[in-house]
Amino acid sequence: MTTVPVVFVKGQYNHLISRTLQDLGIESRLLPASTTTSELEKMGADGLVMGGGPQRVRNMTDLTGELSNAAQLISKLKIPLLCICVTHQLLASAYGGETATAKSPEFGPFEISVSDEDTILSGLKPSFTAWESHNDEIVKAPSGFRVLASSPSCAIQSMRHESKDVFGVQFHPEVSHTTKGVQVFRNFLGVVRK
Amino acid sequence: MVSAQVQGFHPASFFSTQTARLRDTVSGKKALAAISGGVDSTVATLVAKQALGENLVPVLIDTGLMRLDEPEKVKARLSASPIDLKVKLVRAGGRFLDATKGESEAEAKRKKFRETFYQILRETAQETGCEYLVQGTIAPDWIETQGGIKTQHNVLEQVGIDPQTTYGFRVLEPISELYKDQVRKLGTYLGLPNDMSGRQPFPGPGLLVRCIGQVTKTKVQLLKSATKIVEEKLAPYSYDQFFAAVIETRFDVSLPSKQLRETAASALGLPADEAQVAIFDQPVTGVKGDERCYGRLAGVKLSDESREAYGWLPEKLQQVQSSLVSKFPEITRVAVLVKEKRGGGPFSIIVRAVSTRDFMTAAASPVSWKVLKDIADAVLEIDGAGHVHYDITPKPPGTIEFE
């Protein structure tokens, strides 16, 4: 059975990620951010998802405990990785990008325009409605990453590493109101099972 | 590929695992089950009943904050076939009003409620010789409490309160990993009639969290009458949850009224003088970016002509809501004025109707303008009601309830 654990970083919807994956027939449960890569290997993790949380990412030296642990995982992980909301921002900062307070924070439904249907957003062109809940946003994408989607008020709704199977989304594909969100997970599982 | 319906949650195996676990834990002792008639506590009690039989004592606390005649109706319904639960009804209305007297802050009210609730359960457990308490905590309850969004009345251990030393019983939560839709499936599996397994949620603290700000007898009475009207008028539609809340019609004038008005009007594509925005004085609960946000409720009033012309355009109103919340960090929720009564009472009734699968996110339902006006006409007949608003805030940034 395919195993894709979820790193719990205190977000409201972290549980829903596990639930969505379970509904797709995947073995999935929440793990603390302090889980190490060798522990992940031992449990046979084929991919990893990191959820959202209430923390703020400003620089890599001033992170909360769980984000600092999550950053460790981001730097060491060899299996496919999907980062959602605050960990999408963390992913950017970890690779040299920048996160700051959003000019227009987004809460609730927003229209996501897909510019690049690459892997994770496959089948989602030209646009879809996704639910958001963020005060901060990525203001500078890290080099080596490609931006895949945007919304009118947020330029980097999704990005991927040019060569690694590492993806980030600002919106919440795990909530039921993002009706096409399950497609994002199916796409990610396509990479995981590759 | 196997369909999502087949994967995931299986009521039968969940049920047998949980009953075995309960039997093992309680092992011949007695357990109290706190039941409100809501689907969560009813399903948790039914699971425990199957596991523990006569050693389970279901108790219903009349908090004085349930709906009109609700305690009696619930007791009668639960006692009848096919549920057949012998429910002990404990009258404690006065104690909850006393405990929350003078308190207007949402979290303080919830904590006072929780303390009173468990004190009563402690007394009942002592009287009946119970060493355990079964309760219907579900996943969103403890996720929101742990995340600091709001204090749920039934979450103790997850927030570091040891019930054994504080209240003298151990807490058992057989459905704490489930979401609402899974609880409903389990209820159906256990033979709960559809109207009960599909019943819309009613929060444990009841009308306390819909009585925004201070809880007084007057406000609770007005709210009980308004609740009856809203529930009856919206019952024919398939909204997942719908109810009324009450708030003092008192406004905070410290926010820039011109900018508020311009933001609302521009989202609607109207001249600035056709929209007015008033900010209620009493804060309400919301959630922004995974953080609890005890913020402001904005009341938007459109001119009669625009309102009639627009009728009810959910997309436009959604834009008003999202522009106001995005531009003014202190605003969490937005409601549209449906009707006001000249010389009416000092309170506003806020109508809320949402669609949601698991109560983690929710969309404001597109209730028709005609239905809203019908509701407003009836509500404004009640003593004390002066204004009727409709809440157009999704979750996030709002929550489903107001406190």
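This is a predicted model: local features need pLDDT of at least 70, side-chain atom pairs count only at pLDDT 80 or more; totals for chains, interfaces and linings use all residues.
Residues are numbered from 1 along each chain as its sequence is written, and chains are lettered from A and ligands numbered from 1 in the order in which they are written.

Ser27(B) is not a glycine and lies in the loop between H1 and E1 of chain B. Ser27(B) is exposed, with 9 other C-beta atoms within 10 Å. Here a residue is buried if 20 or more other C-beta atoms lie within 10 Å of its own, exposed if 12 or fewer, and partly exposed in between, with C-beta atoms placed from the backbone.

Helix H1 (residues 11–26) of chain B has 16 residues and, at 1.5 Å a residue, should span 22 Å, in agreement with the 22 Å between its end C-alpha atoms; the expected span is 1.5 Å times one less than the number of residues. Within H1(B), the residues Gln18(B), Leu22(B) and Val26(B) are buried. Viewed down the axis of H1(B), the buried residues fall within an arc of 50°, so they line one face of the helix; the arc is that of the directions from the helix axis to the C-beta atoms. Exposed residues on the other side of H1(B) are Ala12(B), Ser13(B), Thr17(B), Ala20(B) and Asp24(B). The cover over the buried residues of H1(B) includes strand E1 (31–34), helix H2 (39–52), strand E4 (132–134) and strand E5 (170–172) of chain B, where residues are in contact if their C-beta atoms, placed from the backbone, lie within 7 Å.

In helix H3 (residues 70–79) of chain B, the buried residues are Glu70(B), Pro71(B), Val74(B), Lys75(B) and Leu78(B). These fall within an arc of 130° when seen down the axis of H3(B), so they line one face of the helix. They pack against strand E2 (56–62) and strand E3 (88–91) of chain B, while the face of H3(B) turned away from the buried side carries the exposed residues Glu72(B) and Ala76(B). In the loop between H3 and E3 of chain B lies Pro82(B), which is joined to Ser81(B) by a cis peptide bond with omega of about 5°.

The largest nonpolar core has 173 residues, and those with the most contacts inside it are Ala31(B), Leu32(B), Ala33(B) and Leu133(B). Such a core is a set of buried Ala, Val, Leu, Ile, Met, Phe, Trp, Tyr and Cys residues joined through C-beta atoms within 7 Å. H2(B) contributes the largest share of this core, 8 residues. Beyond its neighbours within four places in sequence, Ala33(B) is in contact with residues including Ala44(B), Ala48(B), Val57(B) and Val134(B).

Chain B is assigned domain 1 (11–201) and domain 2 (211–391), with bounds taken from an automatic or database domain assignment. Contacts between the two involve 20 residues of domain 1 of chain B and 21 residues of domain 2 of chain B. On the side of domain 1 of chain B that touches domain 2 of chain B, at least two residues come from each of helix H4 (93–100), helix H5 (106–128) and helix H8 (180–189) of chain B. Lys180(B), located in helix H8 of chain B, counts as buried with 21 C-beta neighbours inside 10 Å. Not counting residues up to four places away in sequence, Lys180(B) touches Ile138(B), Asp358(B) and Phe359(B).

Between the chains, 26 residues of chain B are in contact with 26 residues of chain A. Helix H6 (139–146), strand E9 (284–288) and helix H13 (314–327) of chain B each supply at least two residues of the side of chain B that touches chain A.

In chain A, Thr119(A) is found in the loop between E5 and E6 and has a positive phi of about 30° although it is not a glycine. Thr119(A) is partly exposed, with 17 other C-beta atoms within 10 Å.

Key. Helices (H or I, at least four residues) and strands (E, at least two) are DSSP runs, numbered from the N terminus.
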